[in-house]
Amino acid sequence: MVFSSFAFIIYFLPLFLFFYFFVPSFCENAVILIGSLIFYYYGVKDNPEYLLLMILSVVVNYVVARMMAQSRQKGVRKGWLITGLCYNFGCLFIFKYLDFLLENFNLVSRQLGKEMQFELTDLVLPIGISFYTFQISSYLIDVYRKKVRVETSLLNLGTYLCMFPQLIAGPIVTYSQVQKQLANRKATWSNIEEGMREFTLGLASKVLLANRVGGLWNQVVTIGFESISTPLAWLGIVAYSFQIYFDFYGYSLMAKGLGRIMGFTFPDNFRQPYMSKTMSEFWRRWHITLGSWFREYVYIPLGGNRKHTYRNLLIVWLLTGLWHGASWNFLLWGLICFVLIALEKAGLGKIMERFPLLGHGYMLVVIPLFWLVFAVTDLGQLGLYFTRLFPFLEDKSQAVFAGDFIKYIRIYAPPLFASLLFCIPFPGKLYRKTKATFLMTLFLVILFWLCMYNLYQGLDNPFLYYQF
C-alpha cells in the first residue's frame, strides 16, 4: 500500500483516523501500532513472515535496551549494545547484502578456476528494512550513551518503530525526537489542517510531477541507451533527477503531514537541494535525516573533523552508497560523492561559495551525472550512457536517430518546466505567505482532486525509495 493510491486515501486512512480520533487518548498508540501493522502487512502479504521480522525487531531491541539500562557495568552495557546491533545489522545483511557477497565470491572463484560456488538465497528484500534498522539502532545507541531514557513500554517502542507514515521510506526519526510526543501529544485542529495541506502538497509532488516527468526516463530506458541521441540522453537524466527528487520529497512531505495530523512533529528531510552550490551543501539539504544519522552514529565516533577526516569521509560515503543498494554502481556513486566532497574541503568549495553563479553551474552538471550512476545498476550500460552524453566518447557504429529528442521535448515540456519551477525558492515563499487564504485553500482542494483523477486514470508509479 502506498500513500498515493486509492486503497490508502479512500479506505485505509479515513478508517484509521476514525478510530484514532474517537478512542480515549491512552489508546491512541495502540491504534497507531495496530494500524501500522495492518499497513505493513498489506505491503508484504506475499511474504507474511516479514511482518514477524519487524515485530521481532521491536521485541529484541526492547529486551536488549532494558538489559543494557539495568546494568551499571560499562562492559556489560557495551556487550548488550553489540548484541543488539549484531541482530539488527545481521538481519539487514542477510536480506540485502548476502547475495551480493555470494555473487562476487562466485565470480572471483570462477576467474581463479576454482570449483567452489555458493547457491544464492534469492531472498526478497523486506520493505523498509533499511529505514527501520537505522531507526531502532539509533535508539539502542542513544540508550547506551544515556542520551535518552530506556522505554519501559513495549507499546510505545513498537509505535515508534512501526509508525506507518515514516515506516517504509523515512524520514529516519530518532527516538529522542519523538519520545515526549509518544507519551503526551495533542492533535489540534490547526495541526490537522496543516497536516492535510502538507499531505496534499506531497501527493501533488509525487503524482503530478515525479510520475509525469519520470515517464521520460522510462521512455529512454525502453528505447535502449544504444539508440538515443546526445540531447535525449541529457534530457533523460535531467528527467530522472527531477523524478527522484519529487518522488522522495513528496513521500517525505506526505509522511510529515500524516504525522502532524496525529500530533507528531517529524524533521524536515529536504531543503531545496537543487539550489546548492557545492556537493557538501547538497548533502546538507538532501535526505537530511540519513545524513544526520551517518554524521551522529558513524562520522563523529570515527573522529569527525578532528582526526583522519578524509578516511572518515570515505568510510561514511562508501557506507552511504551501500545503504542505498547492494550493487557496484552504488559503491561507485558513494565514491564519487566522497571525491567531490573531499575536493571541496581541499579548497574547491570555497571557490564555489565565493562565486555563487559558478557554484550553481557546477552543480547543474554534477547533479544529473551522479544521479545517472545511481540510476543505472549495470556498469556496462552505465558506460554506454556516458558515451551518449559525451559525443567524443560515442561509438559511431551505433545507429542513432539524431532528432529523437524533439518528440520528447514536445511531450514532456510542461512537467519538465513545472519541475524546474518548483525546485527554486519562489513557490515555497509564495505558499507560506498565502497558505491561510481562501484562494490557497481552494487551490489545494483542486490540486488534491486533480491528483485523485490521475490516480483514477492509473497514472501512478511505486515510490523509488521503497527498494532501499
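A: Helix α3, residues 49-70, gives the most to the nonpolar patch, with 6 residues. The model is predicted. Leu52, Ile55, Leu56, Val59, Val63, Met67 and Leu154 form this patch on the surface. Together they have about 520 Å² of accessible area.

Leu154 lies in helix α7, which covers residues 154-162. Leu154 has 39% relative accessibility, so it counts as partly exposed. The cut-offs behind that label are under 20% for buried and over 50% for exposed, with partly exposed in between. Membership of a patch needs over 30% relative accessible area.

Gly128 is one of them. Its relative accessibility is 0%, so Gly128 counts as buried. Gly128 sits in the loop that runs between α5 (98-111) and α6 (129-144). Beyond its neighbours within four places in sequence, Gly128 is in contact with Leu167 and Ile168. Gly128 and Ile168 are 40 residues apart along the chain, yet their C-alpha atoms are separated by 4.1 Å.

Ser419 is the other. This residue belongs to helix α18, residues 404-421. Ser419 also counts as buried, because its relative accessibility is 0%. Setting aside neighbours within four places in sequence, Ser419 is in contact with Leu209, Val213, Phe242 and Phe246.

Methods:
Residues numbered from 1 in each chain as written. Predicted model: local features only at pLDDT ≥ 70, side-chain atom pairs only at ≥ 80, totals over all residues. Heavy atoms only, no water. Patch = residues over 30% accessible without salt bridge, like charges linked within 9 Å, V, L, I, M, F, W, Y side chains within 5 Å. Areas by Shrake-Rupley, 256 points an atom, 1.4 Å probe, with all protein chains shown as cover. Salt bridge = Lys/Arg side-chain N within 4 Å of Asp/Glu carboxyl O. Helix = DSSP H or I, 4+ residues; strand = E, 2+ residues; numbered from the N terminus. Buried < 20%, exposed > 50% of the residue type's maximum accessible area, 1.4 Å probe, protein only. Contact = heavy atoms within 4.5 Å.
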